[in-house]
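The following report concerns selected surface patches and a strand in the structure shown below.

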Amino acid sequence: MKIIEIFETMEYSPAPENPALALDWLKEHKSKFGLFINGKWCKAKSGKVFSTDNPASGKKLASISEAGKSDVDSAVRAAKLAFPKWKALSGHERARYLYALARQLQKHSRLFAVLETMDNGKTIRETRDIDIPLVIRHFYHHSGWAQLLESEFPEHMAIGPIGQIIPWNFPLLMLSWKVAPALAAGNTVVLKPAEYTSLTALLFAEICSQVGLPPGVFNLVTGPGQTGSLMVNHSDLKKIAFTGSTDVGRLIREATADTDKKLTLELGGKSPFIIFEDADLDSAIEGLVDAIWFNQGQVCCAGSRLLVQESVAEKVIDRLKRRMAKLRVGDPLDKSMDMGAIIAPIQKERIQNLVDQGKKEGAAIWQWEGKLPQNAEKKGDGCYFPPTLFTNVSPASIIAQTEIFGPVLVSMTFRTTDEAVMLANNSAYGLAASVWSENINQALHVAPKLKAGVVWINCTNQFDASVGFGGYRESGYGREGGHEGMFEYLKPKESGISKNQIRISGAKVKASATTALSLDRTAKLYIGGKQARPDSGYSLNVVNADGSLAGEIGDGNRKDIRNAVEAAHKASGWQSSTPHLRAQILYFLAENLETRAVEFKNRITQLTGVTEKQAALEVKTAVSRIFTYAALADKHEGLIHQPPMRGLALALNEPIGVLGLVCPDEAPLLSMLSMLLPAIAMGNSVVLVPSRPFALVATDFYQVLETSDVLSGVVNIVTGDSAKLGTVLAKHDDVAGLWVAGTKTECTEACKLSTGNMKIIWTNNGKQLDWFDNQQSEGREWMRRASQVKNVWIPYGE
Ligand code: NAD
């Protein structure tokens, strides 16, 4: 083609990246790979292998070992043995290893980029300019956290050997998000990459050898889901960090419910991309290209739901179609391609099925009409899918609700800001959101209202090692990256045994319902700021430590919990109230509790049988604890991250929403307040189930609440059989988080039953806490537990 013709057509010529480097590396290994365990390469004892193919051509790249049970056992054993020494290194020593890894990754970045493109099908433009630079940045950044660990996290320590399971869409990037913080914090790792994309993880293991990482610190087991499942069920792994689909996340949550394992889940999404009428429309359309056609739309936080203000909708859709027509889809190694291949035929089929579903549902489809490459190997259709747009989509339709995980955009319109927020939040997921408006006030007004872990203002798909990433709701919990991400790989240092031993009277609970008393002395439930009779109409006896009848409590049931949850949702004004106001109300609460200190002391003594001195100490500690949370209410502030861009990211600590609290029997006033206070200080509203035998302490306490200006519905108290009520809370999909301080069985049940909406859960796992111990039972750790971090990215400049 002549130069003049090129100027006229603006056609690109092919610009392929040379794959020789990666092919040589494969050849060097005879295209066969074992497992990396305890610093050595070994064959899988299972004897099984599977192949990894190039999605762009269908051609086999290599044979990979499939780790079975004894292989996973060996890898975990190696990680367990290596843990004490690795943890005992100084932060500086670990920092040097992470730095060395960053440097090696940097040196081999071209090989990594080409290999990733060949194994995954994503374009070289993305692996070269986005994935690999972010991986390198992650190791540099976490080398820094290793160096600063002792000074920045003095109250925390490493967890132990950790199992990490990652997906195929960002193979090396997901590895770095997991491995870098885990190692920086002093943990050792067993990692399983996705079965489609093991190659860059294998190359990374080689680099670990090159930098002399001590054997057993990083172990790599390759294989399918079953290999992951073996890790999940391994008792010596102290944490599972999982990124993948919400369905598998649920299975993992259930499988780990009766263990001590810490768990973080980074799951799927259906993220809204909101364009207001005052947005810079051309920028927004370029943003959309990045949001949904980046990595063929196989991105957990893809802006897959376009919400556009009605007044500009026609213009936006028209310009979008014109832009889509110009997208280049083809050989991923060609540097001028916008989109490469879909990971595997089965995924392409899944995308096609959902697209067919969209058509059946009556949405209008518009697809890119270019020529998709053929499969060079099999001479059939290549594993490519055309950029696709659906308009006229109903918000409840399957394509508007399901994560398609492909290059398919569904669009809807809105009229008002409130409607935009409502549509954006009309999803079970809550991973990310993108907001486009030239009016920064408008954008910053909307950002806190969106139920998403990340909000990008006038930008999209921004990631950085210093900025936490993770979801709300069914997108999972936990954060990866930044200061907030480090906590996921640490646990609080164990505190010593407190001087104040807890004694429980051992009062026998007589749980029979009775209506025998002539006068109705039943302490009622407390819902929406009012005392309420239980739906069942029944009450339960409460006895004193000496066996005499202390009174009666309402026998709450499912309907009472439902009413309480409804009331808690109506109290959303508490969430938007200022921390200063919440602090003032908490101080007032302390004042009012102290006024009735003698009454509470007597109640505790009579019910539990502890000495008067012990009961007085409990009340005094409770008052002090309220002061602590009044103090912390306006001090659990967020951070301003400074990613490498012209702009900043605000890490906001937000309340979780409606929290269910199931309180224990020991130290009934103090334990109840220790759970309640951080929750409400953070702005959550709660449904609280107090101790069954000592529930009268809670019903006395709502009288204190009534006099303390706590907004109606912020604290709702449902008495009754706490195990049963806990179960109802666990299953309730409008409860966003659940804390259970109960028996081992109750805790396990709560974990298992609450997977429906992926509640953020904390349990004591059946262990008795020392509620008098400030280190264990109050402070920032609890505030962190009561909050989730939202990162709002704000670029600036013209
Ligand atoms: P997947 O859940 O099928 O697999 C993820 C990983 O889990 C793979 O390594 C797989 O082998 C393993 N696995 C499968 N079954 C398992 C089991 N029963 N026990 C243990 N491990 C098991 O997901 P995928 O198809 O590989 O990835 C796509 C999904 O990942 C999408 O839903 C996407 O949104 C999500 N994702 C989320 C994030 C995030 O940060 N939130 C990032 C990337 C991808």
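## Surface patches and a strand

At 62% relative accessibility, I3 counts as exposed, a class that requires over 50% relative accessible area, whereas buried means under 20% and partly exposed lies in between (1.4 Å probe, protein chains only). The model is a predicted one, in which local features need pLDDT of at least 70 and side-chain atom pairs count only at pLDDT 80 or more, while totals for chains, interfaces and linings use all residues. Residues are numbered from 1 along each chain as its sequence is written, and side-chain values use heavy atoms, with hydrogens and water left out.

I3 lies in helix α1 (residues 3-9), helices being DSSP runs of H or I with at least four residues and strands runs of E with at least two, numbered from the N terminus. Together with F7 and M10, I3 forms a nonpolar surface patch with about 400 Å² of accessible area. Patch residues have over 30% relative accessible area and no salt bridge, with nonpolar side chains joined within 5 Å and like charges within 9 Å; a salt bridge is a side-chain nitrogen of Lys or Arg within 4 Å of a carboxyl oxygen of Asp or Glu.

A negative patch is formed by E277, D278, D280, E438 and E798, and D280 sits in the loop between β12 (272-275) and α11 (281-293).

| Residue | Relative accessible area | Class |
|---|---|---|
| I3 | 62% | exposed |
| D280 | 34% | partly exposed |

Strand β28 (residues 658-662) is largely enclosed by the rest of the structure, because five of its five residues are buried: V658, G660 and V662 on one side, and L659 and L661 on the other.

Conventions. Accessible areas come from the Shrake-Rupley method with a 1.4 Å probe; for residues, only the protein chains shown count as cover. Lys and Arg count as positive and Asp and Glu as negative; His and the chain ends are not counted. The place of a charge is taken as NZ of Lys, CZ of Arg, CG of Asp or CD of Glu.
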